[in-house]
Each structure stands twice: as C-alpha cells, then as structure tokens.
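Please look through the sequence and the model below before reading on.

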Amino acid sequence: MAYPGHPGAGYYQAGYGGAPGGAPFPGQHQDPMYGYFAAVAGQDGQIDAEELQRCLTQSGFSGGYKPFNLETCRLMISMLDRDMSGKMGFNEFKELGAVLNGWKQHFISFDADRSGSIDGMELHRAMATMGFNLSPQALNNIAKRYSTGGRITFDDYIACCVKMRSLTDAFRRRDHAHQGIVNFQYDDFIQCVMSI
C-alpha cells in the first residue's frame, strides 16, 4: 500500500489531526474540565461510547447538526484508546475536545450555506487543506463512503476525519523508512483495519 507524494505528504496537518499523544495534564484535578469529565465518566473514571454520545449531545457540541451516532463515538474513542480498553480517560478526553473543535471549525468553513452538510467536492478540498495527498479515485471513494444523497453531514464528516487520522496513524507506525510504502501481512492488515 502506498500514497502519492513526498514523505509526509499523505499525513495530516497538526491543526486538525495531529498524532495522538502529548503532554499529560499533571494538574488535572484543578482543570476546570475535570469536574465535567468526572460527572460524565462516573465511578470507573472512564468514558465509554454511550457516555461520550450523551456528553457531546448534552454539551451541544454538534450545535444545529444532528447528534453523533454511536459508531462515530466508538471511532472517536478508538482513535485515542492507547490502552485498548474501549474507553477514554481525562487526558484523552481533553485531546479529543481539542481535535473535535478544530474539525468543527474546518467543517463550518466549508459549509458555506450553513445547511449542515457539504458535498463531495467540498470534502475533496477539505481533505487537501488537511494535508492529505490522495488520488481523485481515493477521494471519490471517501466521498461515496461518507455521503448520503451526495451530501456529507457533520456527523459523517467527523467519522471520516477520525477514520482518516486512525488509518494514517496505523500506516505511519509501519512506514519506518518514511517512503509512503509499507508491507502488511494479512493478519496485521486485518488487525489494523478492525481496530479502527
């Protein structure tokens, strides 16, 4: 599998889909977001997909857009799930918030008519501005996968961004020479795709 362009060209820009990680939050209990996180997370101190869905809906994150579906919430968690628990802790929750805010602003900039959806060509432009160097065929396949009636809703846009980031991270971990080419064994390929 390969992507076109120079090393790094197919990877995302830091503003919208930077690699998972970052400094821990040593003063998390003093963080104003921690109280909100703790209330959502409950006794186990972790947020699962159903809790994340409720949290994003109650917070009004989707604004006038429809609430996120459960599968999109699962994708968001898996994108940052470093311990493979199927849940997210406070640091991951904060990171997700920052990434989602970037993606939301990006979506709004392409949703010129404020309809709550964008078309395939706008998705192509959005992917290009995020630094993805993909063929027209790949972009058309992405647009078909995430559109309904030729339109991509905010929820589907977020699902697309999460999937692209996760796939890119998985590819990058295997692209040791930074050539844009990796070799997958069948089992590794299945594990990679199924974990995203």
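Axes here are lines fitted to C-alpha atoms, for helices over the stretch in contact, and angles run from 0 to 180 degrees between N-to-C directions. Helices (H or I, at least four residues) and strands (E, at least two) are DSSP runs, numbered from the N terminus. This is a predicted model, in which local features need pLDDT of at least 70, side-chain atom pairs count only at pLDDT 80 or more, and totals for chains, interfaces and linings use all residues. Residues are numbered from 1 along each chain as its sequence is written, and side-chain values use heavy atoms, with hydrogens and water left out.

The axes of helix H4 (residues 70-80) and H8 come within 9 Å and cross at roughly 25°; the two helices are therefore roughly parallel to each other, a term for angles under 35 degrees. On the H4 side, the contact (heavy atoms within 4.5 Å) is made by Thr72, Leu75, Met76, Met79 and Leu80, while H8 contributes residues including Ile158, Ala159 and Val162.

Helix H6 (residues 120-129) has as its buried residues Gly120, Glu122, Leu123, His124, Ala126 and Met127, where buried means under 20% relative accessible area. Among the elements that cover them are helix H5 (90-110) and helix H8 (154-174).

His106, which lies in helix H5, is buried, with a relative accessible area of 3%.

Methods:
Buried means under 20% relative accessible area, exposed over 50%, partly exposed in between (1.4 Å probe, protein chains only). Angles under 35 degrees count as roughly parallel, over 145 as roughly antiparallel, 65 to 115 as roughly perpendicular and the rest as oblique.
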